[in-house]
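Please have the sequence and the structure to hand while reading.

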Amino acid sequence: MTEDFQTDSRQMLGRLRGVMAEDAAGQARLDQITRLIAEEMRCEVCSIYLFRDEDTLELCATEGLNPAAVHETRMRLGEGLVGRVARSGKVINSDNAPAERGFRFMPETGEEAYSSFLGVPVRRLGEKLGVLVVQSRDARLFSEDEVYAVEVVAMVLAEMTELGAFVGEGAAMSARHQQQVAIRATSAQEGAAQGHVWLHEPRVVVTNPIAEDPHTELNRLRDAVEQLRVGVDRMLSNAATGDTEQLEVLEAYRMFANSKGWLRRMEEDISRGLSAEAAVEKEQSTARARMEQVTDAYLRGRLHDLDDLSNRLLRILTGQGNETGAEMPSDPILVARNIGPGELLDYGRSLKGIVLEEGAVGSHAAIVARALAIPLVIHADRITTEALNGDHIMVDGDQGMVHLRPDDTVVAAFRDKMAMQAKAQERYASIRDKPAETRDGVHVCMHMNAGLMADLPSLQGSGAEAVGLFRTELQFLVRSHMPKRAELSGLYARVMDAAGDKRVVFRTLDIGSDKVLPYMKAVSEPNPALGWRAVRVGLDKPGVMRMQLQALIRAAAGRPLSVMFPFVAQREEFTAARAEMDKAMERERILGHPLPRTLEVGAMLETPSLAFSPDSFYREVDFLSIGGNDLKQFFFAADRENELVRRRYDTLNVSFLTFLQSIVTRCENTGTPLSFCGEDAGRPVEAACLAAIGLRTLSMRPASIGPVKSILRRTDLGELLEVINTARERGDQSVRPSVMDYLRGKL
Ligand code: PEP
Ligand code: MG
């Protein structure tokens, strides 16, 4: 890099700033810019192409080509050299363009035989916006410095495009954040919602991409980086020592914040004429582009960390926090890269839907969203880049689709769907107080799953007869510290108060595997789902379990109490856990606290091994509840959170149904009350089959009770069992096709 050329690039940006300061219309501005770049680069041609839709580029301004071609000439992604730059995101620099692969001669542009071609992608934070091209007649390979200068200009152009500086007559110029976008994503919580975008972390807006004085900008950058380093060190010293994942991220932050290369590249960008903010964004853009190409999960994670760190640095530089003064819409759909469970709880039920760019089906945020019954879609690629606060958005949590700025046809179709759902809801409401009694007179008990205080109000309105599963870990997960016994007993008492005379089955802490408490020492395990979790932790380190059992007894304060232990794999574990309960009762008795009027202690059947335990185990437990989510993952050896396999095996697979039926039979023979509380209990077709094979208590999300009850009331379980048996005898892999046929004919 020569000192000379640096001045040139600064000069070009200086002139660009002049153009931007003028009060010109979008098109006039673009025309001026192409003229200016052509002059500065000593080239005959400079053109700007912008995307008019996902895969079409439109010539929006040119110096040197036929002006009549502006807004007329279009090309597909990948077509010609311009299309190639757009698709690959890589610079093409050639002194013999016609000889390049993919070259396409475009006579309509009045293109002559230009030998040299330099095409640079215009993109902002990894988002492709267009291509900036310079061409010259003489065969010249642009120098590294020249390429760099054009890249810097492209970056400023991207920034200006984002700010809407070029809105004008061409479709491409008006398209920015106006087109409808449909994103195919992954469903993490069913339901449909429409509303307006509320960005959890609003984008930092850079309004001054070009530096007035590089020295000032350099100082601003260095100060901001220093502030960033201090902040990261503080976060590190405050971090919980046990949380290896958080520590790993913070260590990566520290590494980047102290990276000389990162700082040097940004300083270089400033010396070329960019402002400190634009320099940070340029680096961030490069990292994002790389992120799209990297498949290694660890590397992607680190690039993400760099991205987060860049955002922090931008917030320091611009002074922009999350508070932008924007007002939350009345029907907010939360859009975020990711969100923690605590933050989600802060929003609570005010949200109509949630769309995350990342996330995982089993993440804590997903657990909370499910508990709040808010439609949630995850893995919505690029949503945080595409969406603006206030954009109209429709979320289809059933199909895992997101429609941003939908057009009228999508809106109409979506509204029809929502209307149908509303009609179904009305139908469900009308049978709310009716029993879930099948056509052949079998009563199936409808229980609900809960995990938050906020769930309890649904109990009365849902038609549930009891809370069949209260997941106590949510209260632990959303806190930053271990809750105290008094806190917990207060909370459990409120849950029981809210349930009135309805039974609540409290499941003791189910942590480990994916559910890691931020304040507990994390252990690194090769296979966490098969690892040290739930009752295994409770028995090995009984302190927390004892505290929780005490809190439950105190909360009951003389009322009936039901407790169940998760993830019991063999009888001895249950016996030991039950002994802890007995000890806790004895301790409370000695301390003079009132004991529960009745006490039921049960186990969750989540591992195949437990199903085969001796009859004495079935007699020992007061009740059993099948945790179908875990039981299924261990039965098929298919991780419930792994997208590659989690939908591979059908719950209605004959082997699994036969296995479940054998559990029902054993419980019948030993007189053990049995329920099913996995997600499948809330899926109407699955629920009907579970009832047909003999389950008489199903526990599900409150919103599922209506649909399940509705199907049960229209089903003859005897007939359905026959359909299942016939499919089984025929050797079908899954009974689903026959069951669907049967149900379709009946309903
Ligand atoms: C289950 O495994 O089915 C269950 C209900 O527990 P969780 O989903 O909380 O693991
Ligand atoms: Mg489970």
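This is a predicted model: local features need pLDDT of at least 70, side-chain atom pairs count only at pLDDT 80 or more; totals for chains, interfaces and linings use all residues.

How far is an oxygen atom of ligand 1 from a polar backbone atom of Asn 629? The separation is 2.7 Å.

**Polar contacts of ligand 1**
- The side chain of Arg 640 places a polar atom 2.8 Å from an oxygen atom of ligand 1.
- Gly 628 contributes a backbone N or O atom, which lies 3.1 Å from an oxygen atom of ligand 1.
- Ligand 1 exposes 290 Å² when taken alone, and the protein buries 98% of that area.

**Shell around ligand 1**
- Ligand 1 is surrounded by 14 residues, of which Arg 507, Glu 606, Gly 627, Asn 629 and Arg 640 are the closest.
- Helix 23 provides the largest share, three residues, and strand 16 (466-471) supplies at least two.
- Domain 4 (433-443 + 624-671 + 673-747) and domain 5 (465-605) each give at least three residues to the shell.

- Glu 606 belongs to the loop between strand 19 (599-605) and helix 21 (608-611), whereas Asp 630 belongs to helix 23 (residues 628-635), so the pair ties together parts 24 residues apart in sequence.
- Both Glu 606 and Asp 630 are buried.

Notes:
Residues are numbered from 1 along each chain as its sequence is written. Chains are lettered from A and ligands numbered from 1 in the order in which they are written. Side-chain values use heavy atoms; hydrogens and water are left out. Helices (H or I, at least four residues) and strands (E, at least two) are DSSP runs, numbered from the N terminus. Buried means under 20% relative accessible area, exposed over 50%, partly exposed in between (1.4 Å probe, protein chains only). A residue is near a molecule or strand if one of its heavy atoms lies within 4 Å of it. A polar contact is a pair of N or O atoms within 3.5 Å; within protein, one must be able to donate a hydrogen and the other to accept it, and residues adjacent in sequence count only if both atoms are side-chain atoms. Accessible areas come from the Shrake-Rupley method with a 1.4 Å probe; for residues, only the protein chains shown count as cover. Domain bounds come from an automatic or database domain assignment.
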